[in-house]
Amino acid sequence: MNIKKTTLPLFLLLSAKIFCQQFSLQYCIEKAQKNNTIVKLAEQSLETRQKLFKATQNNGLPKLDLLAGYNYIGEPLRVNLQQVKDGIVEGSANQAVYSANTVYQQVTGNQLSQQVQDVIYQTSKDIIGAVYPDYNPEITKQSYFLAGLVVRQPIYLGGKLKSSRKLSEEQMKSGEANLQSSKDLTAYNIALQYIQVMYLNSMIEKQKNSLESLRKNETYAGNLLKAEIIPPYQKNWADIARAHGETNLKGLVMEKENALYILKDMMGISLDEPVEINEKMNESTEIPAFISSENNADIKLLQSKKAEAETGVDITKSLSKPNLFAIGNVQFFRKDLPVITPPWLIGLELQWTLFDPERRSKNLASESLVKQADLLIEQKQKSVNLATKIAENKLVSLKEQSETFDASRKQAYNTTEMVRKRMENSLSSVKDVNDALQLQYETEKLYYTSLVAYQTALATYFYITGNPENITNYIP
């Protein structure tokens, strides 16, 4: 029965260890750069810009539109005969007089008398006035449908098409720079979190060693108490020190669990996915060869924004130039139109804005945007140069600090061992040993804290110089 009780937990423990993945820093960075939301947003933005750039490659091709429409007018179109009635009647009467006079003159050689002309004029006027319509006739239906194809081919647009393609290309490059900046920032944040997990691993190991020593000291104190060599309160000190050690260990384990949750969230994986990182702090403080910051992703992003602004200047200048199009129109459904138009037409269309009061202001604004980009690049470059120098100095300083703390912790080990031997020879108390163990743990903590600071500064240096993944050469 005892064998069964022991086998099941052991099997579960081994299964958890088998299925729990061990993640290196390089793997964590690669995983985050694929799954992190910030990177995905940058990738989606780049994909959008790439498609827009591809679309601008065809902006010089002709545009073909189908134009169709159904129209219903309030009333049919009419010819307003009443407005021209007097002119028509008068003109027709005069024409009748002129015709009769011409025929009479050709027959007799004489003109009609004025009296006869007046009679013909009045008679014609009365007859025409009597038969002239007293209404306005309709010339169309109230509704009609028409359809046709219209083609428009740009011939010359003053550089607008070229500038538009260039702007789209620069926006695509900005998207690439933004994606790289997002990946660099993600790699940097992953490195910092990974360093935190390694620090907790180291401190858990040291706390376990310290707790083991505290337990041994507690056992030794118990033996001394049984032998009535020490008073009970010294045994109580040993009990309290051991309890504090256990509490600290539980706290460190919980901190590591939370740190792993944060790391998994940054990597874009499920919080329930089993992940284990057993790497401890790298105690090497090798200073890398210092390099320039020309690969800084933020500077490259600002440079791409400047290129966009410069293209914007070209676009605003092209607005003052004329546009010339070739046009064509084919009407294939037009039978109900009130006026029958030709079935097709071709021609040239010129568009030229001769006066635009905002044009100069727009040009000045575009040029000002370029100057603003120059200032931002200059400011960012100075900031990066300053941060690089500070990071370099920090690396040197923290290296010396960690070496000092390393010497201190080694001395603390020697001190603890000496106090323990003195206690075994009744020259020091149980509390002295507990105090020595506590001092030893604190010196360990200072040392590993200095290593965290050093590796954080190292990761920051690589991030500033535009090479954040170089930290994997110094962290497993």
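How are helices H6 and H9 oriented relative to each other, roughly parallel or roughly perpendicular? The close-up views below come from a predicted model, in which local features need pLDDT of at least 70 and side-chain atom pairs count only at pLDDT 80 or more, while totals for chains, interfaces and linings use all residues. Residues are numbered from 1 along each chain as its sequence is written, and side-chain values use heavy atoms, with hydrogens and water left out.

**View 1. Helices H6 and H9 lie roughly parallel to each other.** Their axes (lines fitted to C-alpha atoms over the stretch in contact, with angles from 0 to 180 degrees between N-to-C directions) come within 12 Å and cross at roughly 10°, and angles under 35 degrees count as roughly parallel. Helices here are DSSP runs of H or I with at least four residues, numbered from the N terminus. The contact (heavy atoms within 4.5 Å) is made by Lys206, Ser213, Asn217 and Tyr220 of H6 together with Arg409, Tyr413, Arg420, Met423 and Glu424 of H9.

**View 2. The largest nonpolar core has 50 residues.** Such a core is a set of buried Ala, Val, Leu, Ile, Met, Phe, Trp, Tyr and Cys residues joined through side-chain atoms within 4.5 Å, where buried means under 20% relative accessible area, exposed over 50% and partly exposed in between, with a 1.4 Å probe and protein chains only. Among the residues with the most contacts inside this core are Leu25, Tyr194 and Met281. Leaving aside residues up to four places away in sequence, Met281 touches Ile195, Met198, Tyr199, Ser202, Tyr448, Leu451, Val452 and Gln455.

**View 3. Lys206 forms a salt bridge with Glu444.** A salt bridge is a side-chain nitrogen of Lys or Arg within 4 Å of a carboxyl oxygen of Asp or Glu, and in this pair the closest N and O atoms are 3.9 Å apart. Because Lys206 lies in helix H6 and Glu444 in helix H10, the pair ties together parts that are 238 residues apart in sequence. Both Lys206 and Glu444 are buried.

**View 4. Glu378 and Lys382 meet through their side chains in a salt bridge of 3.4 Å, N to O.** These two residues are four apart in helix H9, so about one helical turn separates Glu378 from Lys382. Glu378 is partly exposed at 41% relative accessibility, whereas Lys382 is exposed, with a relative accessible area of 54%.

Key: Angles under 35 degrees count as roughly parallel, over 145 as roughly antiparallel, 65 to 115 as roughly perpendicular and the rest as oblique.
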